[in-house]
Amino acid sequence: MNSSYLNFKDKHILVVGDVMLDRYWHGGTSRISPEAPVQVVKVSNIEDRPGGAANVALGLAKLGVSVTLVGVVGQDENADILTQCLEKEGVNCRFIRSENLPTITKLRVMSRHQQLIRLDFEEREDSLSQNEALAKVVKECLPDSDAVIFSDYAKGALADVQTLIKLSNAVNVPSFVDPKGNDFSIYQGATLVKPNLLEFEMIVGKCHSSKELEAKAKALREQFGWKALLVTRGEEGLILFSEGKPPFSLATAAKEVFDVTGAGDTVVAVLTAVYVTSKRFIDAVEYANQAAGYVVGKLGTASISAERLDAIMFQRSHSTNFGVLSPEDLLAQIKLAQMNGERIVFTNGCFDILHPGHVAYMKQAKALGDRLIVAVNTDASVKRLKGEKRPINNLIHRMSVLEGVGAIDWVTWFDEDTPKEIIEFLTPDVLVKGGDYTIETIVGAEHVLAHGGEVKVLTFVDGYSTTAIIEKANL
């Protein structure tokens, strides 16, 4: 995926959920109260920021997305403040004003960049009339939307979220859910649901291994008909489970965690914005991970601009390591390259004595994509295939020579008799084999084709043979 995807200006995303006002009182502390053993904060600055679903909408607006926000607020001053904050950033607010409920407000008292206490002002009232009013506004907004985000903080706005998901499905608008609570059946039929690990385990039970996590995630996704399930795991990163694809995991991009407030809002905002442009969940997760890593390094709820995100991804795309890599390190580089829209080509062989025929073959293979991987049989593997007198050159020697071939981006190795395992591990976009093969007889072809890739057979250049070179050298 390239940076041109970050032009979101022609996209419109609808955000529906629990909106709130995040209020910060900043001040210094220099003494203890004579009335109680607590610090005295001399308030010097008051800051108001959109929170909850409103923070999601703000994050989208900062990216350049056209945003409409639907939620419930009170008939009060805080609702006016929240509306002004959002409209100043270009968010279209379609609020339902309640005479019975206050605007949800979270007051944080801050000193020396630390949160001392949080005070919440909120009440909840589920009513049929409120649900109907919300559904009416959502139905009006959906036809002009590229996607809808349901940001659920369990405050009541999404009490009838199942009706809203059905409305979005009826007009083929993908829905992304940031869930809450211990009943995920209410999100039946959503496109993607994004719980954190604690929320996920509240539903499926404690996961004691990666294998158990994957099995439970697959079952949950299939049970509720989601195309994708994204589990965020804090410092352990993200893991995506999507329809017809193997699990895709990423380590956290955070270098320093200063404040996790609003990180989930950033993930779902960036995830949705990138998906509506690329239509690829993996692209969306890559960008969302980087955005989350950026905002947790900031104090309080924070957003990221398209320009900042573009710069982060540009830096990542230009920090790719080429040359000889282990299969594990290579997999990370492949994911990065594919995220940048690059097509990965794979071939393999012993390459005991490199000759012009090999070089010509590499050039043909590289022309089929953007990056070429050459996987080389280890010495033990070559001996099993070619006999005890082979290889002539050891693995390090052979890989070093291949690394110098201009058409080759990465060189790696495998110890098995066939490349089946490494092909299934790396899952390239194009599998190439030279010689007298049919696609059906190429090892790994079935796996690559099953994952949407291609398999190509190339003809070796006549007149060159490693065996012939060895025989001539022995004369």
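Me: Cys141, buried or exposed?

Reply: Cys141 is buried, at 8% relative accessibility, where buried means under 20% relative accessible area, exposed over 50% and partly exposed in between, with a 1.4 Å probe and protein chains only. This is a predicted model, in which local features need pLDDT of at least 70 and side-chain atom pairs pLDDT 80 or more, while totals for chains, interfaces and linings use all residues. Residues are numbered from 1 along each chain as its sequence is written, and side-chain values use heavy atoms, leaving out hydrogens and water.

Me: How many disulfides?

Reply: The structure holds 0 disulfides, a disulfide being a pair of cysteine sulfur atoms within 2.5 Å. For Cys85, the nearest cysteine sulfur is that of Cys93, 9.7 Å away. Cys85 is buried as well, with a relative accessible area of 18%.

Me: Switching topic, which residues does Lys433 touch?

Reply: Leaving aside residues up to four places away in sequence, Lys433 touches Asn348, Tyr361, Ile442, Lys456, Val457 and Leu458, contact meaning heavy atoms within 4.5 Å. Lys433 is in strand β18 (residues 430–434), strands being DSSP runs of E, at least two residues long, numbered from the N terminus.

Me: And what is the nearest side chain of opposite charge?

Reply: That is Asp417, 13 Å away, and Lys433 is buried yet has no salt bridge, which would need a side-chain nitrogen of Lys or Arg within 4 Å of a carboxyl oxygen of Asp or Glu. In assigning charge, Lys and Arg count as positive and Asp and Glu as negative, with His and the chain ends not counted.

Notes
Helices (H or I, at least four residues) and strands (E, at least two) are DSSP runs, numbered from the N terminus.
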